[in-house]
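Subject: Structure for your files

Hello,

Here is the structure I said I would pass on.

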Amino acid sequence: MKISDAKVFVGGPGKNYVTLKIMTDQGVYGLGDATLNNRETLPAAYLQDYLIPNLIGMDPRNSEDIWQFFYRGAYFRRGPISMAAFGAIDMALWDIKGKLANMPLYQLFGGKSRDGAMVYAHSTGVDLPDLMDSVESYVEQGYKAVRVQCGIPGMPTASYAVPEEKNAGGDYITDFSGIRPKTEIWDTDRYMRFMPGALAEIRDRFGPDLKILHDVHHRLLPREAAELAKAVEPVGLYWLEDPTPAEDQDAIRLIRQHSTTPLAIGEVFNSIWECNKLIENELIDFIRIAVTYAGGITHAKRVVDLAGQHHVRTGFHGAPSHSPISMAAQHHLNAWAPNFGIQEYLVLGTPECDALFPSEHKMRDGLFYVSEAPGLGVDFDETEAKRYEYKPGSHPVVRLEDGTLWNY
Ligand code: CS2
Ligand code: MG
(Lines give C-alpha, C1' and ligand atoms only; values in the text may rest on other atoms or scores of the structure.)
(Ligands and ions follow the chains in the order given, each with its own letter.)
Protein backbone atom coordinates (compact mmCIF):
# COMPACT_ATOMS: atom_id res chain seq x y z
CA MET A 1 0.00 0.00 0.00
CA LYS A 2 1.45 3.42 -0.87
CA ILE A 3 0.74 7.10 -0.26
CA SER A 4 -0.20 8.43 -3.70
CA ASP A 5 -0.76 12.11 -2.95
CA ALA A 6 -1.37 14.68 -0.21
CA LYS A 7 -2.96 18.12 -0.15
CA VAL A 8 -2.97 21.03 2.34
CA PHE A 9 -5.93 23.37 2.78
CA VAL A 10 -5.71 26.62 4.77
CA GLY A 11 -8.94 28.30 5.84
CA GLY A 12 -12.23 27.80 7.57
CA PRO A 13 -15.20 29.64 9.06
CA GLY A 14 -13.61 32.42 11.17
CA LYS A 15 -10.40 30.40 11.48
CA ASN A 16 -7.29 29.54 9.46
CA TYR A 17 -7.56 25.76 9.91
CA VAL A 18 -4.65 23.92 8.27
CA THR A 19 -6.07 20.62 7.02
CA LEU A 20 -3.92 17.84 5.57
CA LYS A 21 -5.46 15.12 3.39
CA ILE A 22 -3.29 12.09 2.60
CA MET A 23 -4.47 9.85 -0.24
CA THR A 24 -3.39 6.24 -0.91
CA ASP A 25 -3.25 3.93 -3.94
CA GLN A 26 -6.13 1.91 -2.43
CA GLY A 27 -8.50 4.88 -2.25
CA VAL A 28 -8.45 5.18 1.55
CA TYR A 29 -7.53 8.69 2.72
CA GLY A 30 -6.68 10.22 6.09
CA LEU A 31 -7.06 13.69 7.61
CA GLY A 32 -4.78 15.69 9.88
CA ASP A 33 -4.84 19.12 11.57
CA ALA A 34 -1.66 21.26 11.40
CA THR A 35 -3.28 24.46 12.71
CA LEU A 36 -0.69 26.48 14.63
CA ASN A 37 -2.69 29.42 15.93
CA ASN A 38 -1.62 32.76 14.40
CA ARG A 39 1.23 31.12 12.44
CA GLU A 40 -0.88 28.87 10.21
CA THR A 41 1.02 29.30 6.93
CA LEU A 42 4.25 27.93 8.43
CA PRO A 43 3.29 24.29 9.12
CA ALA A 44 1.41 24.43 5.81
CA ALA A 45 4.62 25.41 3.99
CA TYR A 46 6.66 22.79 5.88
CA LEU A 47 4.20 20.14 4.73
CA GLN A 48 4.05 21.33 1.15
CA ASP A 49 7.73 22.06 0.61
CA TYR A 50 9.47 19.33 2.60
CA LEU A 51 7.25 16.66 4.11
CA ILE A 52 4.71 15.79 1.39
CA PRO A 53 7.39 15.21 -1.33
CA ASN A 54 8.94 12.65 1.05
CA LEU A 55 5.58 11.06 1.94
CA ILE A 56 4.73 10.06 -1.63
CA GLY A 57 5.44 6.33 -2.09
CA MET A 58 5.71 5.55 1.66
CA ASP A 59 3.51 2.80 3.15
CA PRO A 60 0.86 4.69 5.23
CA ARG A 61 0.56 1.77 7.65
CA ASN A 62 4.12 2.37 8.92
CA SER A 63 3.07 5.41 10.98
CA GLU A 64 5.75 4.89 13.68
CA ASP A 65 8.63 4.68 11.19
CA ILE A 66 7.26 7.68 9.28
CA TRP A 67 7.07 9.67 12.53
CA GLN A 68 10.70 8.74 13.33
CA PHE A 69 11.77 9.53 9.75
CA PHE A 70 10.39 13.06 9.92
CA TYR A 71 11.26 13.75 13.58
CA ARG A 72 14.82 12.40 13.72
CA GLY A 73 15.38 13.18 10.07
CA ALA A 74 14.56 16.87 10.63
CA TYR A 75 17.60 17.42 12.88
CA PHE A 76 16.10 20.77 13.98
CA ARG A 77 12.96 19.06 15.16
CA ARG A 78 11.08 19.96 18.36
CA GLY A 79 9.54 23.38 17.72
CA PRO A 80 5.84 24.16 17.28
CA ILE A 81 6.01 24.47 13.48
CA SER A 82 7.74 21.10 12.98
CA MET A 83 5.60 19.26 15.52
CA ALA A 84 2.33 20.68 14.12
CA ALA A 85 3.35 19.52 10.63
CA PHE A 86 4.48 16.08 11.88
CA GLY A 87 1.32 15.95 13.99
CA ALA A 88 -0.99 16.39 11.02
CA ILE A 89 0.75 13.58 9.11
CA ASP A 90 0.54 11.30 12.16
CA MET A 91 -3.18 12.01 12.68
CA ALA A 92 -3.90 11.28 9.00
CA LEU A 93 -1.97 7.97 9.12
CA TRP A 94 -3.88 6.90 12.25
CA ASP A 95 -7.10 7.87 10.45
CA ILE A 96 -6.12 5.58 7.55
CA LYS A 97 -5.16 2.81 10.01
CA GLY A 98 -8.58 3.00 11.66
CA LYS A 99 -10.36 2.91 8.32
CA LEU A 100 -8.32 -0.13 7.21
CA ALA A 101 -9.15 -1.88 10.50
CA ASN A 102 -12.75 -0.69 10.19
CA MET A 103 -12.57 0.52 13.82
CA PRO A 104 -12.88 3.91 15.58
CA LEU A 105 -9.42 4.92 16.77
CA TYR A 106 -10.16 4.47 20.50
CA GLN A 107 -10.44 0.71 19.77
CA LEU A 108 -6.88 0.65 18.42
CA PHE A 109 -5.63 2.37 21.61
CA GLY A 110 -7.20 -0.24 23.88
CA GLY A 111 -10.94 0.35 23.82
CA LYS A 112 -13.14 2.53 26.00
CA SER A 113 -12.44 3.42 29.62
CA ARG A 114 -15.61 5.57 29.69
CA ASP A 115 -18.58 6.41 27.51
CA GLY A 116 -18.99 10.15 28.02
CA ALA A 117 -15.82 12.21 28.59
CA MET A 118 -16.26 15.36 30.67
CA VAL A 119 -15.65 18.67 28.89
CA TYR A 120 -15.38 22.26 30.10
CA ALA A 121 -16.68 25.42 28.50
CA HIS A 122 -15.18 28.93 28.49
CA SER A 123 -17.10 31.41 30.65
CA THR A 124 -16.00 35.00 30.30
CA GLY A 125 -17.30 38.37 31.49
CA VAL A 126 -16.29 42.00 31.29
CA ASP A 127 -16.99 42.14 35.05
CA LEU A 128 -18.08 39.71 37.75
CA PRO A 129 -21.87 40.07 37.23
CA ASP A 130 -21.36 39.50 33.50
CA LEU A 131 -19.21 36.44 34.24
CA MET A 132 -21.80 35.06 36.68
CA ASP A 133 -24.44 35.27 33.91
CA SER A 134 -22.09 33.43 31.56
CA VAL A 135 -21.45 30.65 34.10
CA GLU A 136 -25.19 30.39 34.74
CA SER A 137 -25.86 29.88 31.04
CA TYR A 138 -23.37 27.00 30.81
CA VAL A 139 -24.71 25.37 33.97
CA GLU A 140 -28.20 25.55 32.46
CA GLN A 141 -26.83 23.83 29.32
CA GLY A 142 -25.70 20.94 31.50
CA TYR A 143 -21.95 21.64 31.70
CA LYS A 144 -20.35 20.18 34.80
CA ALA A 145 -17.17 22.27 34.43
CA VAL A 146 -16.46 25.84 33.31
CA ARG A 147 -13.32 27.92 32.91
CA VAL A 148 -13.87 31.40 34.31
CA GLN A 149 -12.06 34.51 33.03
CA CYS A 150 -13.10 37.94 34.32
CA GLY A 151 -12.46 41.59 33.53
CA ILE A 152 -10.34 43.09 36.32
CA PRO A 153 -11.49 46.41 37.83
CA GLY A 154 -9.12 49.22 36.88
CA MET A 155 -7.10 47.08 34.45
CA PRO A 156 -5.94 49.46 31.67
CA THR A 157 -7.28 47.15 28.91
CA ALA A 158 -9.33 43.96 28.77
CA SER A 159 -7.71 41.01 30.57
CA TYR A 160 -6.88 37.66 29.01
CA ALA A 161 -9.83 36.09 27.15
CA VAL A 162 -12.15 38.93 28.15
CA PRO A 163 -13.89 41.02 25.48
CA GLU A 164 -13.42 44.79 25.43
CA GLU A 165 -17.16 45.25 26.04
CA LYS A 166 -20.18 43.20 27.09
CA ASN A 167 -21.68 40.88 24.46
CA ALA A 168 -18.85 41.81 22.09
CA GLY A 169 -18.90 38.24 20.73
CA GLY A 170 -16.32 37.21 18.16
CA ASP A 171 -12.99 35.45 18.63
CA TYR A 172 -11.47 36.79 21.84
CA ILE A 173 -8.05 35.37 20.95
CA THR A 174 -7.27 36.12 17.31
CA ASP A 175 -7.88 39.53 15.76
CA PHE A 176 -8.16 39.11 12.02
CA SER A 177 -7.55 42.76 11.14
CA GLY A 178 -3.99 41.89 10.13
CA ILE A 179 -0.74 40.27 11.21
CA ARG A 180 0.39 43.10 13.51
CA PRO A 181 -0.80 42.26 17.05
CA LYS A 182 -2.80 44.59 19.23
CA THR A 183 -1.33 45.40 22.65
CA GLU A 184 -2.96 44.47 25.95
CA ILE A 185 -1.75 46.18 29.14
CA TRP A 186 -1.41 43.96 32.21
CA ASP A 187 -1.19 44.88 35.90
CA THR A 188 -0.41 41.99 38.25
CA ASP A 189 -1.28 43.89 41.43
CA ARG A 190 -4.82 44.65 40.27
CA TYR A 191 -5.24 41.00 39.20
CA MET A 192 -3.90 39.64 42.52
CA ARG A 193 -6.12 41.97 44.54
CA PHE A 194 -9.27 40.99 42.63
CA MET A 195 -9.14 37.42 41.36
CA PRO A 196 -9.10 35.35 44.60
CA GLY A 197 -12.23 37.14 45.85
CA ALA A 198 -13.97 36.79 42.49
CA LEU A 199 -13.29 33.06 42.40
CA ALA A 200 -14.61 32.72 45.96
CA GLU A 201 -17.82 34.57 44.97
CA ILE A 202 -18.30 32.24 42.01
CA ARG A 203 -17.90 29.22 44.30
CA ASP A 204 -20.39 30.72 46.80
CA ARG A 205 -22.91 31.38 44.02
CA PHE A 206 -22.72 27.98 42.28
CA GLY A 207 -22.01 25.67 45.21
CA PRO A 208 -19.53 22.83 45.72
CA ASP A 209 -20.38 20.60 42.74
CA LEU A 210 -19.49 22.88 39.83
CA LYS A 211 -15.95 22.26 38.60
CA ILE A 212 -14.35 25.70 38.32
CA LEU A 213 -11.18 26.19 36.26
CA HIS A 214 -9.15 29.37 35.85
CA ASP A 215 -6.39 30.18 33.35
CA VAL A 216 -3.71 32.58 34.64
CA HIS A 217 -2.16 32.39 31.18
CA HIS A 218 1.53 32.64 32.17
CA ARG A 219 1.10 36.10 33.68
CA LEU A 220 2.65 35.67 37.14
CA LEU A 221 6.17 35.29 38.50
CA PRO A 222 6.69 32.01 40.42
CA ARG A 223 6.35 33.65 43.83
CA GLU A 224 3.19 35.48 42.80
CA ALA A 225 1.82 32.23 41.39
CA ALA A 226 2.52 30.52 44.71
CA GLU A 227 0.72 33.33 46.56
CA LEU A 228 -2.32 33.06 44.24
CA ALA A 229 -2.47 29.25 44.41
CA LYS A 230 -2.40 29.47 48.21
CA ALA A 231 -5.04 32.23 48.32
CA VAL A 232 -7.51 30.26 46.18
CA GLU A 233 -7.12 26.93 48.03
CA PRO A 234 -10.47 27.44 49.87
CA VAL A 235 -12.25 27.85 46.50
CA GLY A 236 -11.50 24.22 45.62
CA LEU A 237 -10.67 24.88 41.95
CA TYR A 238 -10.69 21.93 39.57
CA TRP A 239 -7.46 23.47 38.27
CA LEU A 240 -5.35 26.63 38.11
CA GLU A 241 -3.84 26.77 34.64
CA ASP A 242 -0.48 28.12 33.48
CA PRO A 243 0.14 30.13 36.66
CA THR A 244 3.68 30.99 35.54
CA PRO A 245 5.66 30.40 32.31
CA ALA A 246 6.59 26.73 32.42
CA GLU A 247 9.80 26.79 30.42
CA ASP A 248 11.18 27.00 33.95
CA GLN A 249 9.86 23.60 35.02
CA ASP A 250 11.53 23.97 38.43
CA ALA A 251 9.53 27.13 39.16
CA ILE A 252 6.43 24.97 39.55
CA ARG A 253 8.09 23.35 42.57
CA LEU A 254 7.75 26.64 44.48
CA ILE A 255 3.98 26.69 43.85
CA ARG A 256 3.67 23.06 44.94
CA GLN A 257 5.47 23.86 48.21
CA HIS A 258 2.87 26.48 49.11
CA SER A 259 -0.44 25.13 47.86
CA THR A 260 -2.53 22.07 47.16
CA THR A 261 -4.50 23.87 44.41
CA PRO A 262 -4.41 21.52 41.37
CA LEU A 263 -2.12 22.75 38.57
CA ALA A 264 -2.64 22.31 34.82
CA ILE A 265 0.21 23.08 32.44
CA GLY A 266 1.30 22.11 28.97
CA GLU A 267 -0.66 23.65 26.09
CA VAL A 268 2.46 25.39 24.75
CA PHE A 269 4.62 22.26 24.98
CA ASN A 270 5.64 20.49 21.79
CA SER A 271 7.23 17.32 23.15
CA ILE A 272 7.62 15.03 26.13
CA TRP A 273 11.00 16.63 26.80
CA GLU A 274 9.31 19.90 27.90
CA CYS A 275 7.09 18.25 30.49
CA ASN A 276 8.77 15.03 31.59
CA LYS A 277 10.28 16.63 34.71
CA LEU A 278 6.92 18.20 35.67
CA ILE A 279 5.29 14.78 35.32
CA GLU A 280 8.03 12.59 36.84
CA ASN A 281 8.34 14.93 39.86
CA GLU A 282 4.54 15.11 40.11
CA LEU A 283 4.63 18.91 40.08
CA ILE A 284 1.39 19.11 38.08
CA ASP A 285 -2.01 17.44 38.25
CA PHE A 286 -3.06 17.79 34.58
CA ILE A 287 -1.00 17.77 31.39
CA ARG A 288 -2.43 20.16 28.80
CA ILE A 289 -0.72 19.22 25.55
CA ALA A 290 -2.57 19.36 22.22
CA VAL A 291 -2.33 16.51 19.71
CA THR A 292 -1.48 18.98 16.93
CA TYR A 293 1.21 20.96 18.80
CA ALA A 294 2.75 17.78 20.33
CA GLY A 295 3.49 15.93 17.11
CA GLY A 296 0.28 13.96 16.69
CA ILE A 297 -1.35 10.94 18.31
CA THR A 298 1.82 8.80 18.41
CA HIS A 299 3.79 11.31 20.52
CA ALA A 300 0.85 12.60 22.55
CA LYS A 301 0.05 9.04 23.59
CA ARG A 302 3.61 8.66 24.92
CA VAL A 303 3.02 11.74 27.11
CA VAL A 304 -0.33 10.34 28.31
CA ASP A 305 1.32 7.03 29.21
CA LEU A 306 4.14 8.77 31.16
CA ALA A 307 1.58 10.94 32.95
CA GLY A 308 -0.42 7.86 33.88
CA GLN A 309 2.58 6.47 35.77
CA HIS A 310 2.69 9.61 37.94
CA HIS A 311 -0.96 10.34 38.93
CA VAL A 312 -1.14 13.08 36.29
CA ARG A 313 -4.40 13.27 34.35
CA THR A 314 -5.03 14.56 30.85
CA GLY A 315 -6.61 17.92 30.10
CA PHE A 316 -5.96 18.28 26.37
CA HIS A 317 -5.91 21.80 24.98
CA GLY A 318 -8.99 22.62 22.93
CA ALA A 319 -8.75 26.29 22.03
CA PRO A 320 -10.80 27.77 19.18
CA SER A 321 -7.89 27.27 16.76
CA HIS A 322 -8.07 23.46 16.87
CA SER A 323 -10.10 22.01 14.01
CA PRO A 324 -12.62 19.20 14.51
CA ILE A 325 -9.92 16.84 13.16
CA SER A 326 -7.45 17.22 16.02
CA MET A 327 -10.36 17.53 18.45
CA ALA A 328 -11.58 14.16 17.16
CA ALA A 329 -8.11 12.69 17.73
CA GLN A 330 -8.23 14.00 21.30
CA HIS A 331 -11.75 12.68 21.83
CA HIS A 332 -10.59 9.17 20.85
CA LEU A 333 -7.65 9.44 23.26
CA ASN A 334 -10.07 10.74 25.93
CA ALA A 335 -12.35 7.71 25.47
CA TRP A 336 -9.36 5.35 25.96
CA ALA A 337 -7.01 7.05 28.46
CA PRO A 338 -7.13 5.41 31.90
CA ASN A 339 -5.84 8.74 33.30
CA PHE A 340 -8.31 10.99 31.47
CA GLY A 341 -9.17 14.19 33.33
CA ILE A 342 -11.16 16.65 31.23
CA GLN A 343 -11.32 18.08 27.71
CA GLU A 344 -11.37 21.76 26.86
CA TYR A 345 -14.31 22.16 24.50
CA LEU A 346 -15.08 25.34 22.62
CA VAL A 347 -18.26 24.72 20.76
CA LEU A 348 -17.12 24.16 17.18
CA GLY A 349 -20.57 23.16 16.11
CA THR A 350 -21.52 26.05 13.86
CA PRO A 351 -23.40 25.02 10.70
CA GLU A 352 -20.44 26.19 8.59
CA CYS A 353 -17.94 24.16 10.65
CA ASP A 354 -20.17 21.07 10.61
CA ALA A 355 -20.52 21.41 6.82
CA LEU A 356 -16.74 21.61 6.37
CA PHE A 357 -16.01 18.78 8.86
CA PRO A 358 -19.00 16.37 8.89
CA SER A 359 -18.95 13.92 11.81
CA GLU A 360 -21.08 11.91 14.21
CA HIS A 361 -19.22 13.06 17.34
CA LYS A 362 -21.69 14.36 19.93
CA MET A 363 -21.54 16.53 23.06
CA ARG A 364 -24.47 16.13 25.47
CA ASP A 365 -24.99 17.41 29.04
CA GLY A 366 -21.36 18.32 29.50
CA LEU A 367 -20.06 14.95 28.30
CA PHE A 368 -18.52 14.11 24.91
CA TYR A 369 -19.47 10.91 23.09
CA VAL A 370 -16.97 9.87 20.43
CA SER A 371 -18.13 8.69 16.99
CA GLU A 372 -18.19 4.93 16.27
CA ALA A 373 -17.19 5.55 12.63
CA PRO A 374 -13.86 4.01 11.52
CA GLY A 375 -10.72 6.10 12.05
CA LEU A 376 -11.08 9.66 13.40
CA GLY A 377 -14.79 9.70 12.54
CA VAL A 378 -14.61 13.13 10.89
CA ASP A 379 -14.58 14.03 7.21
CA PHE A 380 -13.53 17.08 5.18
CA ASP A 381 -15.65 18.60 2.40
CA GLU A 382 -13.29 19.94 -0.28
CA THR A 383 -16.15 21.78 -2.03
CA GLU A 384 -17.01 23.61 1.18
CA ALA A 385 -13.30 24.32 1.66
CA LYS A 386 -13.30 26.41 -1.54
CA ARG A 387 -15.35 29.03 0.35
CA TYR A 388 -12.43 29.87 2.62
CA GLU A 389 -8.93 31.26 2.33
CA TYR A 390 -6.13 32.28 4.68
CA LYS A 391 -6.83 35.50 6.57
CA PRO A 392 -3.86 37.09 8.44
CA GLY A 393 -4.56 37.51 12.14
CA SER A 394 -2.81 37.60 15.47
CA HIS A 395 -3.46 37.39 19.18
CA PRO A 396 -2.32 40.39 21.21
CA VAL A 397 1.06 41.02 22.75
CA VAL A 398 1.04 42.09 26.39
CA ARG A 399 2.95 44.93 28.02
CA LEU A 400 3.10 46.20 31.59
CA GLU A 401 2.05 49.79 32.17
CA ASP A 402 5.70 50.94 31.97
CA GLY A 403 6.00 49.33 28.54
CA THR A 404 7.83 46.15 29.57
CA LEU A 405 6.92 43.33 27.16
CA TRP A 406 5.15 40.65 29.19
CA ASN A 407 3.70 37.17 28.67
CA TYR A 408 0.56 36.91 26.53
C1 CS2 B 1 -5.86 29.23 26.17
C2 CS2 B 1 -5.67 29.25 24.68
O3 CS2 B 1 -7.52 27.61 25.79
C4 CS2 B 1 -6.64 28.00 26.57
O5 CS2 B 1 -6.37 27.44 27.65
O6 CS2 B 1 -4.65 29.27 26.88
O7 CS2 B 1 -6.91 29.60 24.12
C8 CS2 B 1 -4.61 30.23 24.21
O9 CS2 B 1 -4.92 31.53 24.68
C10 CS2 B 1 -4.55 30.25 22.69
O11 CS2 B 1 -4.36 28.94 22.23
C12 CS2 B 1 -3.39 31.15 22.22
O13 CS2 B 1 -3.30 31.14 20.82
MG1 MG C 1 -4.64 28.03 28.58
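This is a predicted model: local features need pLDDT of at least 70, side-chain atom pairs count only at pLDDT 80 or more; totals for chains, interfaces and linings use all residues.

Ligand site

There are 15 residues around ligand 1, and those that come nearest are Asn37, Tyr160, His217, Glu267 and Glu344. By type, the shell around ligand 1 consists of six charged, six polar and three nonpolar residues.

Several polar contacts reach oxygen atoms of the ligand. The side chain of His217 has an N or O atom 2.8 Å from an oxygen atom of ligand 1. For Glu241, a polar side-chain atom is 2.8 Å from a ligand 1 oxygen, and for Arg147 the corresponding distance is 3.4 Å. Ligand 1 taken alone exposes 340 Å², of which the protein buries 94%.

Sheet and helices

Three strands form an open sheet in the order β1-β2-β3, and their pairing is antiparallel. The edges are β1 (3-12) and β3 (29-33); each has a single partner strand, so one side of each has no neighbour in the sheet. On average, neighbouring strands here are turned by 20 degrees against each other, ignoring direction.

Strand β2 (residues 15-24) is joined to β3 by five bridges. Lys21 sits opposite Leu31 of β3.

Helix α1 (residues 41-55) packs on this sheet and touches β1 and β2, with its direction at about 170 degrees to that of β1. Helix α3 (residues 80-101) lies across β1, β2 and β3, and runs at about 145 degrees to β3.

Regards

Technical notes
Residues are numbered from 1 along each chain as its sequence is written. Chains are lettered from A and ligands numbered from 1 in the order in which they are written. Side-chain values use heavy atoms; hydrogens and water are left out. A residue is near a molecule or strand if one of its heavy atoms lies within 4 Å of it. A polar contact is a pair of N or O atoms within 3.5 Å; within protein, one must be able to donate a hydrogen and the other to accept it, and residues adjacent in sequence count only if both atoms are side-chain atoms. Accessible areas come from the Shrake-Rupley method with a 1.4 Å probe; for residues, only the protein chains shown count as cover. Ala, Val, Leu, Ile, Met, Phe, Trp, Tyr, Cys and Pro count as nonpolar, Asp, Glu, Lys and Arg as charged, and the others, Gly among them, as polar. Two strands pair if DSSP finds at least two bridges between them. Helices (H or I, at least four residues) and strands (E, at least two) are DSSP runs, numbered from the N terminus. Axes are lines fitted to C-alpha atoms, for helices over the stretch in contact, and angles run from 0 to 180 degrees between N-to-C directions. Contact means heavy atoms within 4.5 Å.
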